[in-house]
Amino acid sequence: MEELALIIFTICVQAAVGLMLFTAVAKQLNKDGIFKTAVAPAAGLAIVGLLASFLHLGHPIAAVNTLMGFATSWLSREIWFTSAFTGLTVLAVLLIYFKPAAKKAINIFIILAAVIGLIDVLAMASVYTSSSVAAWQSNSIVVEFYAAAISMGALLFLALSAKEDTGRMRKIVAIAVAAAFVIQAVAMIPYYNGFGASDNLALQQSHAILSSMTPAMVLKWAAILVGAGLLFLPAREKSKDAPVILGATALVVLGQAVGRYLFFAIMIVS
């Protein structure tokens, strides 16, 4: 698929943003927590995503010209914010491994990365909502991207921090993932279903594509629903709870990845 690089870019960076967001929350609840097993993968995901974005450009040198358009271009802002987020996350990892005593600086970098990352998700979504693809011109896409970041990041944080004292984070993650699922479903299901009733030819074509890919759409929502639901099983000892959390994480990441595939599959330029 031609848009594979964009799927990797958006999924990896949004998962990394979510990871840093929930790491920042966890550090406020557990000041002594290090969470390097969450921050290091976040940096890895951000780097993979950033590299994938350059692959999509075809001519990476063209990104230099795009960078000059920050004031008017969402693509330029996306590149800047993704680069800043990746840089801050990598700096946090370097401090954790080489200057672990600098806890205040580590905390600041993690919080800054989470804030910049959340702005980056808005920039990513705005690249598409401001495009000439009719199926993307909706604030529902913004909801889709934020829900993906929160649900994937929350679960990855919980799965990767199994050996840390995460305290109340399991309950917070369960509520966050469930809320993200409900909001995403309310925003996206009626939106996609509405394509068929539109007079816009491009939207009708997108609807036809979605209709031909119903099994994939069912897989998306079923995986996210079951993944979110697993978190509401009674919490047990960490060793016995780990497979449940890993299963929930795998299902939600799978569901969001399939959803992103569908997102790019319905691209019909008006």
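This is a predicted model: local features need pLDDT of at least 70, side-chain atom pairs count only at pLDDT 80 or more; totals for chains, interfaces and linings use all residues.
Phenylalanine 81, by contrast, comes in at 17%, and because anything under 20% is called buried, phenylalanine 81 counts as buried.

Why look at these two together? The structure holds 14 aromatic pairs, and phenylalanine 70 and phenylalanine 81 make up one of them: their ring centres are 5.9 Å apart and their planes meet at 55°, so the pair is tilted. Phenylalanine 70 sits in the loop between α3 (62-67) and α4 (74-98), while phenylalanine 81 belongs to helix α4, so the pair ties together parts that are 11 residues apart in sequence.

Now jump to tyrosine 128 and tryptophan 136. Their ring centres lie 5.0 Å apart with the planes at 85°, so this pair is edge-to-face. Tyrosine 128 is buried, at 6% relative accessible area, and tryptophan 136 is buried too, at 4%. Both rings belong to one aromatic cluster, together with Phe145, Phe263 and Phe264.

Phe263 leads us on to tyrosine 192. Leaving aside residues up to four places away in sequence, tyrosine 192 touches Phe263 along with His207, Leu210, Met217 and Ile266. In the largest nonpolar core, which has 82 residues, Tyr192 and Val173 are the ones that touch the most other members. The helix that gives the most to this core is α1 (residues 4-29), with 13 residues.

Follow Tyr192's contact Leu210 and you land in helix α8, where Leu210 is buried, as are Ala202, Leu203 and Ser206. Viewed down the α8 axis, the buried residues fall within an arc of 95°, so they line one face of the helix.

As for the helix itself, α8 covers residues 201-212, which makes 12 residues. From first C-alpha to last, α8 reaches 17 Å, close to the 16 Å expected at 1.5 Å a residue.

Definitions and conventions. Residues are numbered from 1 along each chain as its sequence is written. Side-chain values use heavy atoms; hydrogens and water are left out. Helices (H or I, at least four residues) and strands (E, at least two) are DSSP runs, numbered from the N terminus. The expected span of a helix is 1.5 Å times one less than its number of residues. Buried means under 20% relative accessible area, exposed over 50%, partly exposed in between (1.4 Å probe, protein chains only). The arc is that of the directions from the helix axis to the C-beta atoms. A nonpolar core is a set of buried Ala, Val, Leu, Ile, Met, Phe, Trp, Tyr and Cys residues joined through side-chain atoms within 4.5 Å. Contact means heavy atoms within 4.5 Å. Rings of Phe, Tyr and Trp (its six-membered ring) pair if their centres lie within 6.5 Å; planes under 30 degrees apart count as stacked, over 60 as edge-to-face and the rest as tilted.
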